[in-house]
Amino acid sequence: MSKELIIAGLITASSNITVAQTDSDITLFLACINGKCGFIDINGNWIIKPQFYNCNGFGNNGLAKVSVGDIFHETYGYVNKKGDLVVEPVYRFLGDFADNGLASFTTVYKDGELSKCGFLDNSGKIIIEPQFQYARKFNRFNICPVCINEKWGFIDTLGKMVIEPQFQDVTKFGNNGLGVAKYHNKYGYIDTTGKWVIEPKFDFAFPFNQFGLATVRLNGYVGFINNSGEWAIEQKFEDNDNPAFGANGWAPVLYKGKYGYIDTTGGWVIEPKLTEAHLFSGNGLAMVCDKTGWGYINTSGNYVVEPKFSFAYPFDNYGFAVIEVNRKCGLIDSTGKIIVQPIYDDVFVNQGVIFASLNKKWGILDHNGKLIRFLSVDWVGKE
């Protein structure tokens, strides 16, 4: 294969690429040229001309966050797939839209006044007036963390305070209705009324998962508690950020300097023998590292893809994984077959399309790693 740019695109299992006909269905990709960002289609045509300082991808509501200005005076708005500014770029910051259609915004400094946070809908209409020091995103219980005078509480969709600001920090609520809160430098769990269900006694805590377990850290070691705050899995694992359970009910944990996998009872399903380990992807493979490099194992702990890469990334929803060899990127499928040779500066899959770059040139490849077309852009955004 030539070291010319080859970038393979897949929109469906077929190598045929089609363009949707309606504005809501059309697939657009963030791209930049000459220091300005816009959006191209699968053919490389500019659908939204490059005019923004920065952009994010389109959300489920058909809007993409964009900004104008420069690094010192950047302001944000939202654009639709026609290129219309639905929310004018006049805000110092814009959050992501929640399922209830609301996003936080932060006003710019004006006449010596500090910026404030409020909420708008996807038409740009202000629903909750700017009045908070900081604000995050509404959760599944339709309450949102906000900060006043360095204390965090929660509001409802009308902006009414339902949990008074009293916490040093708060994070996500789990499916069980319990959320992490920090108080007097310790972490515990509150319910949606703000009542302590598990007293703040941990050095750090993470939200409850779908298995009714939460990762907590205490005195340098990690364990898992149940909804009552009792140890469900003994606190014996070494601190490695957030040992989390994947969809298959297994968690990679660090024990006596080696990684292995436990199930939701705390039993070993893969003994600790790895240098590093990550969650299993939907295809039943997990990226792991041993002394020879990075590879992928199955749920039996056996290598499906031998550990021979300089680095590796998890498999995506399209069945591909990015691998690195000597600081060059390629792409493999779930059998370990190399789809794109590791000769590129960057390779990734965005909305089913494989993009790659080499020597500052970009293009799209088919599923055999052959060039479909070059792109006249300086940069393409990831999904």
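Tyr76 counts as buried, at 17% relative accessibility; buried means under 20% relative accessible area, exposed over 50%, and partly exposed in between, using a 1.4 Å probe and protein chains only. This is a predicted model, in which local features need pLDDT of at least 70, side-chain atom pairs count only at pLDDT 80 or more, and totals for chains, interfaces and linings use all residues. Residues are numbered from 1 along each chain as its sequence is written, and side-chain values use heavy atoms, with hydrogens and water left out.

**Aromatic pairs**

- A search of the whole structure finds 28 aromatic pairs; rings of Phe, Tyr and Trp (its six-membered ring) pair if their centres lie within 6.5 Å, and planes under 30 degrees apart count as stacked, over 60 as edge-to-face and the rest as tilted.
- Phe93 is partly exposed, with a relative accessible area of 40%.
- Trp294 and Phe311 also make an edge-to-face pair, at 4.9 Å centre to centre and 65 degrees between the planes.
- Here strand S29 (residues 293-297) holds Trp294 and strand S31 (residues 311-312) holds Phe311, so the pair ties together parts that are 17 residues apart in sequence.
- Trp294 is buried at 6% relative accessibility, whereas Phe311 is partly exposed with a relative accessible area of 28%.

**An aromatic cluster**

- Phe211, Phe224, Phe237, Phe245, Tyr255 and Trp268 together form one aromatic cluster.

**Charges over rings**

- The charged end of Lys81 sits over the ring of Phe58, 5.6 Å from its centre; this label applies if NZ of Lys or CZ of Arg is within 6 Å of the ring centre and within 35 degrees of the ring normal.
- The ring of Trp152 has the charged end of Arg136 over it, 4.0 Å from the ring centre.

**Around Gly118**

- Gly118 lies in strand S10 (residues 117-120) and is buried, with a relative accessible area of 0%.
- Not counting residues up to four places away in sequence, Gly118 touches Ala103, Ser104, Phe105, Ile128, Glu129 and Pro130, where contact means heavy atoms within 4.5 Å.
- Gly118 and Gln131 are 13 residues apart in sequence, and their C-alpha atoms are 6.2 Å apart in space.

Terms used. Helix = DSSP H or I, 4+ residues; strand = E, 2+ residues; numbered from the N terminus.
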